[in-house]
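Please open the structure in your viewer and keep the selection tool at hand. The stops below take you from one selection to the next and say what is there.

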Amino acid sequence: GVGRSIRRCRLFARGLTPCCRQSFSRSLMPVDTKRVRGPDESQSPLLFARLDAEPKPGPLLPRADGRSAAEPRPVFARAGLVSQADGSVYAECGRSKVLCAVYGPREIERKEERRLSGAALGCEFRFAPFSCKKRAAWIQGNLEKEYSSIMEQSLQPAVCLHKYPRSQIDVYVIVLENDGSTLAAALTCASMALAEAGIEMFDVVVGCSLRQCGAISLLDPTALEEFNAASSKGVDNGSMTVALLPTLNQISGLVSKGEWEKQTSVEAIKACVEGCQKLYSVVQQCLTRSVKRKIPEFVSKA
C-alpha cells in the first residue's frame, strides 16, 4: 500500500549521501505547476550591473535631450486600445508611457453607497512592476495612493457627475515606463479616456509639471531632472504639477513640493499653465481622430 511505499523510500534515502538525500527529498515534494520555479541558488542581476552605466545627476542646463528650459516633451496619444473598457487612451510623453482605462457609468452594487446627487468617481494609479529602475511591488504603495487621491480631486471638477446619479465611474491608470512627470501624463491621459468613453464633461483636464532649482525652471522634467527632497535643499528648490481646464481657464488641481518664494511660485504656475495650453492641441487631435474612427459615415456626410 501507500505506507509500504513510503517506508521503502525512507530506507532508500538512508543509504544516500547528504547531498543526494536532499535532492531525493525535494523530488518527492509536491510541485506547483502554475509557477515557473527559478534555480535553488540565484543572485540578483544588479550585482553584475556596471556602476557607471546609470547616469548621475549633473548640471540642469543644457538638458540631456536637447530641449530648452520651457519646452515640453513631444506627446503621442491614441484612443480606443482597450476593447473591454468604455474608454481608453495610451499616451507617450517622451519616454514616459501611460495607459488609462475608464469603466462606467455603471450601477453601484451596494445600495448604501448610492448617491442621488451624482456619480461616484474613483481613480486608481499604479506603477507597473517593470516601469521603474527598481522593481515596483504589486501592492499599492504610498506614492500611488497619493497620486490616486490627487487624480480624483483634479478630475472631479471637470466631470458632470450630477448627470449620472446612483452610479460610479472608475478610472484606472497604469504607468508602463517611468521617465518623469508621470502624474501630469496620467491626468491628461485619464481626461482623454473619460471623454472617449462618452461621459459628459465641462472641460478636459491637461496636466503639466515643472522643476524649480534656484533661478532655473525646467518644464516637463525627466526622471533624472525631477525633484529629490533628500539631495535638494534650500529656497526655490522643488517641483510643481498643475491640472488645468484649458477652455474654462481654471486650475482644478495643484501639487507642489519643496520650499518656494511667493513670486517664484506664481511664475511657476504661469509657466505650467502655458505648458498645458501647448499640450491642449494634442488632446484635441486625439479625440477628433477617435470620433472619426467611431462614426466615419457621419463625418463624411458633414
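Two strands are said to pair if DSSP finds at least two bridges between them. With that in mind, and remembering that this is a predicted model, begin by selecting strand S8 together with strand S9, residues 250-259, which pair in the antiparallel sense over 9 bridges. To follow the pairing at the level of residues, pick Leu245 and then look across to S9, where the bridge partner of Leu245 is Gln250. The hairpin of S8 and S9 has 4 residues between the strands, and in this hairpin Asn249 takes a positive phi near 55°.

Next, select helix H5, which covers residues 262-294. How far apart are the end C-alpha atoms of this helix? They are 47 Å apart, which agrees with the 48 Å that the 33 residues should span at 1.5 Å a residue. While H5 is still selected, centre the view on Leu279, where the helix bends by about 30°.

Now turn to the charged side chains, for a search of the whole structure finds 11 salt bridges. Select Arg67 and Asp65, whose side chains meet in one of these contacts, a salt bridge with 2.6 Å from N to O. Arg67 is buried, because its relative accessible area of 8% falls under the 20% cut-off, whereas Asp65 is partly exposed, with a relative accessible area of 40%.

Move on to Arg73 and Asp220, which form a salt bridge whose closest N and O atoms are 3.1 Å apart. Arg73 lies in the loop between helix H2 (18-28) and strand S1 (75-79), and Asp220 in the loop between strand S7 (216-219) and strand S8 (237-245), so the pair ties together parts that are 147 residues apart in sequence. Are these two residues buried or exposed? Arg73 is buried, and so is Asp220.

Then select Lys163 and Glu200, whose side chains meet in a salt bridge with 4.0 Å from N to O. Because Lys163 lies in the loop between helix H3 (142-155) and strand S5 (167-177), and Glu200 in the loop between helix H4 (182-196) and strand S6 (206-213), this pair ties together parts that are 37 residues apart in sequence. Lys163 is partly exposed, with a relative accessible area of 45%, and Glu200 is partly exposed as well, with a value of 40%.

Notes
Residues numbered from 1 in each chain as written. Predicted model: local features only at pLDDT ≥ 70, side-chain atom pairs only at ≥ 80, totals over all residues. Heavy atoms only, no water. Helix = DSSP H or I, 4+ residues; strand = E, 2+ residues; numbered from the N terminus. Expected span 1.5 Å × (residues − 1). Bend = angle between axes of the 7 residues up to and from the residue. Buried < 20%, exposed > 50% of the residue type's maximum accessible area, 1.4 Å probe, protein only.
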